Amino acid sequence: MRSGSLAINGGPRAVESLGPFPTKIGKEELLELVDMWELDPGDQQKVRHIIRNATMVKGPHLFRYYNPKPSKVAAAESAMRDLIGTEYCLAVNSCTSALVAAYRALGIGAGDEVIVPGYTFFATAATVASCNAIPVIVDVDESLCLDPGKIEEAITKRTRAIVPVHMRGAPAQMDAIMDIAGRKGLAVVEDVAQAGGGSFKGKRLGSIGTIGCFSFDYYKVIVSGEGGFVTTDDEWLHTRAQSWHDCAACWRPDRFAKERKEGELFCGENYRMSELEGAVALAQIRKADRILAGYRQAKNRIKGAIERPPGLSFRRITDQAGDAAVCLVLFLSNAELTRRAILAMQAEGVPAGGIYDSKVRDWHIFKYWEHILDKKAVARDGLPWSAVPKNELPKYSRDMCPRTLDLLGRSVMVDIDYNYSEQDCRAIAAGINKVLQALLM
Ligand SMILES: Cc1ncc(COP(=O)(O)O)c(C=O)c1O
């Protein structure tokens, strides 16, 4: 064959053009999405009809990187940065991922210790262990968040970070915790999973510590089904969290380039958020303050209408204005009375529940974290426990945080919905008063 006929030498091209082809994601996928929204049946039919008959130009690009259109995930990150008030924000696929990325960004690993509260969803502590570090479990106080008075005695030469969890909407005592961390040279990772949008003394949660970790799973203040964010003012920590969250390095300006600075590149995982979650998260972040205002109004109405018989106290809220207000916690004098009060309130139709019942397993309470208490390992290397001499490991036991168990066992938790009307709030408060009068007076 004559080389002069090659296209590279000016000859005719063998393939003149390809396509255009339909995109993989088309009307069928959009119809599946529409199916998830419970529109009025008539409207649902109209929308489906319009979609089926619409001229399809192009389907969406659901990968945040290399997106020909402006990325929804990037827009959600930017909106979250504005809402929380940090310099940097990284979207990930859950708060569990956010916590791992945060710990890894801080360089936490085998032989290190991280202080966590005994009342939090297990993910806060489990991710410490899955990073091969040792969780050190500390009591909560009447705020149901980490007790600053118990932190210093838990600090050892191995401690690298403190993780205050803003539990059930309410801010932890960030001033006292930041003071300890500053004096001891420790990082603070705020677990904001349950209090997204809340604040402490005028600063949004997730902007006070070294790094903030958010959940957007279905049950949180603002939601996207699954999803999470990592917030920080520290550019280097942000860069390292990016490295961990996407080992394919799609996030890098020059993807396959060598390390720009030592410590930028290491073996990470894939925690990327998809454009579908990004789109929902973006809309939710824009609505966050409206949703929070609804929670706060409902909680204030209910709390304000509760009579105060002797023997009743409320959970201590460290900053009323900053409370995300997703629940109201009442403390009674003992666990048995609490159990009876909860059953009676439920019978009245009050959305009340307990937090800890010694007969019910629940991974929000350290006592049931047998993975940690029994020092279970995923592999033969025995990590994280094998990285520390046995006699230097924390002494875990099922009754190690008695104050936590006492407070949780005496807690009645009333769920708040941001949609409650004034009438709903009055009715709920009346139900609570009725039960308290019968049991306490
Ligand atoms: C305090 C706390 N931290 C972390 C998580 C984990 O969040 P995700 O479900 O987004 O991984 C949760 C979820 O329930 C949580 O409540």
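**Close-up 1. Helices H3 and H8 in the predicted model, with axes that come within 7 Å.** H3 covers residues 72–84 and H8 covers residues 275–304; their axes cross at roughly 25°. Angles under 35 degrees count as roughly parallel, and H3 and H8 are therefore roughly parallel to each other. Their crossing is left-handed. On the H3 side, the contact is made by Lys-72, Val-73, Ala-75, Ala-76, Ala-79, Met-80 and Leu-83. H8 contributes Glu-275, Gly-278, Ala-279, Ala-281, Leu-282, Ile-285, Ala-288 and Asp-289. Sorted by class, the contact of H3 with H8 has 11 nonpolar, 1 polar and 3 charged residues. An α-helix has 3.6 residues a turn, so residues three or four places apart point the same way.

**Close-up 2. Helix H5, a mostly covered helix.** H5 is followed by Asn-132, which has a positive phi, near 75°.

**Close-up 3. His-245 in helix H7.** H7 runs through residues 235–245. His-245 counts as buried because its relative accessibility is 0%, and buried means under 20%. A polar atom of the His-245 side chain lies 2.9 Å from the backbone oxygen of Gln-242. Leaving aside residues up to four places away in sequence, His-245 touches Tyr-65, Leu-90, Ala-91, Val-92, Trp-251, Glu-269, Asn-270, Tyr-271 and Arg-272.

Key
Residues numbered from 1 in each chain as written. Predicted model: local features only at pLDDT ≥ 70, side-chain atom pairs only at ≥ 80, totals over all residues. Heavy atoms only, no water. Helix = DSSP H or I, 4+ residues; strand = E, 2+ residues; numbered from the N terminus. Buried < 20%, exposed > 50% of the residue type's maximum accessible area, 1.4 Å probe, protein only. Polar contact = N/O pair within 3.5 Å; in protein donor to acceptor, adjacent residues only side chain to side chain. Contact = heavy atoms within 4.5 Å. Axes fitted to C-alpha atoms, helices over the stretch in contact; angles between N-to-C directions. Parallel < 35°, antiparallel > 145°, perpendicular 65-115°, else oblique. Left-handed = near helix turned anticlockwise from the far one by under 90°. Nonpolar A, V, L, I, M, F, W, Y, C, P; charged D, E, K, R; others polar.
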